[in-house]
Each structure stands twice: as structure tokens, then as C-alpha cells.
Amino acid sequence: MQALGERVLQAQPFSRFLGARLDRFVEGEAQLSLALKPEFLQQHGRPHGGVLSYLADNALTFAGGSLYGDGLTLEFKINYVKAAKGDTLVARARVESAGRQAAVCRCDLFSVADDGAETLCAVAQGTIMAPAA
């Protein structure tokens with residue numbers, strides 16, 4: 001399943017542009033990470049909310065899409081909990097409930113410090129649908 005996920009990620013020009021990595025991809029779960037670059041920061045030196053949103057959306061879609069062979073985001077929301085610090089962002093998503101055509105998924109986003117310490121910085125939830133046949 002990991003190889004399939006890698007192919008999907010590589011087929012996303014925006015993900016390649018950002019340098020996103022798919023660290024884990026199994027049925028019902030996905031973990032993506034992103035090394036932070038200066039271009040990803042806002043005026044206070046923290047990762048821009050759009051960067052966190054991208055990572056959450058993609059992790060949610062991978063987790064839900066793992067049940068359907070592919071997936072599309074129907075909707076999602078994100079709550080920023082704490083300002084992200086560190087050099088890397090990690091998004092861990094999992095399916096919470098699934099039906100024949102859609103899955104509700106949750107994603108926890110962490111900022112990772114140089115020493116490996118993780119801080120929860122955002123929580124997201126979304127509905128991922130199976131693509132139309």
C-alpha cells in the first residue's frame with residue numbers, strides 16, 4: 001500500500017513542489033510530513049496556516065482514500081491549537097467512521113523540534129468521498 005501512496009503523492013505537483021513526504025500509509029491511516037522552509041512562514045516566523053491546512057487536507061484524503069482506492073475531500077475544518085515551532089510538521093490522520101461512499105477522518109498535526117519533541121499544533125476533521133466511478 002505504501003508504494004501506491006508514493007505514486008499518488010508523486011502525481012501531485014503541489015505536494016512535490018512543497019517537498020511533502022508520505023511516512024506511513026496503511027488502510028485507514030496516513031502520516032505525512034513536511035520540512036519547513038523560510039518560504040512557508042508568516043510574518044511572526046511561524047508556519048503559515050495555509051501550510052498546516054494543506055498538510056491536514058492531504059493526510060485526511062490519504063487516510064480516507066485508502067478505503068476507496070482514491071479519495072476526494074468533500075469538506076474539512078481545522079482548529080489551530082498552538083503556534084507551530086520546529087523544523088518539521090507531521091500530520092497523522094485516521095478514519096473514524098466509514099460508509100460505502102464517504103469516510104469521516106481526523107488528523108492531528110504536530111510540530112517537531114530538533115530533539116524530536118512533538119507539540120500538537122492543530123486538529124482537523126474532514127469527510128473524504130470515494131471518487132465517482
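Reply: Let us begin with a term: a residue is called buried under 20% relative accessible area, exposed over 50%, and partly exposed in between. Please keep in mind that this is a predicted model.

Me: How many disulfides does a search of the whole structure find?

Reply: In general, a disulfide is a covalent bond between the sulfur atoms of two cysteines. Here the search of the whole structure finds zero disulfides. The sulfur of Cys-107 has that of Cys-105 as its closest cysteine sulfur, and because the two are 9.5 Å apart, they are too far for a bond. Cys-121 is likewise in no disulfide, its nearest cysteine sulfur, that of Cys-107, being 9.5 Å away.

Me: Is Cys-107 buried or exposed?

Reply: Cys-107 is buried, with a relative accessible area of 0%, and Cys-121, at 1%, also counts as buried.

Me: Which side chain does Arg-92 meet in a salt bridge?

Reply: The general idea is that side chains of opposite charge can pair when their charged atoms come close. In this structure, where five salt bridges are found, Arg-92 pairs with Glu-118 at 2.6 Å, N to O. This pair links distant parts of the chain, since Arg-92 lies in strand E4 and Glu-118 in strand E6, 26 residues apart. Arg-92 is partly exposed at 28% relative accessible area, and Glu-118 is partly exposed at 38%.

Me: Which residues are linked in a network of salt bridges?

Reply: The network links Arg-94, Glu-96, Arg-106 and Asp-108. Within the pair of Arg-106 and Asp-108, the closest N and O atoms are 2.9 Å apart; Arg-106 is partly exposed at 30%, whereas Asp-108 is buried at 13%.

Conventions: Residues numbered from 1 in each chain as written. Predicted model: local features only at pLDDT ≥ 70, side-chain atom pairs only at ≥ 80, totals over all residues. Heavy atoms only, no water. Disulfide = S-S within 2.5 Å. Buried < 20%, exposed > 50% of the residue type's maximum accessible area, 1.4 Å probe, protein only. Salt bridge = Lys/Arg side-chain N within 4 Å of Asp/Glu carboxyl O. Helix = DSSP H or I, 4+ residues; strand = E, 2+ residues; numbered from the N terminus.
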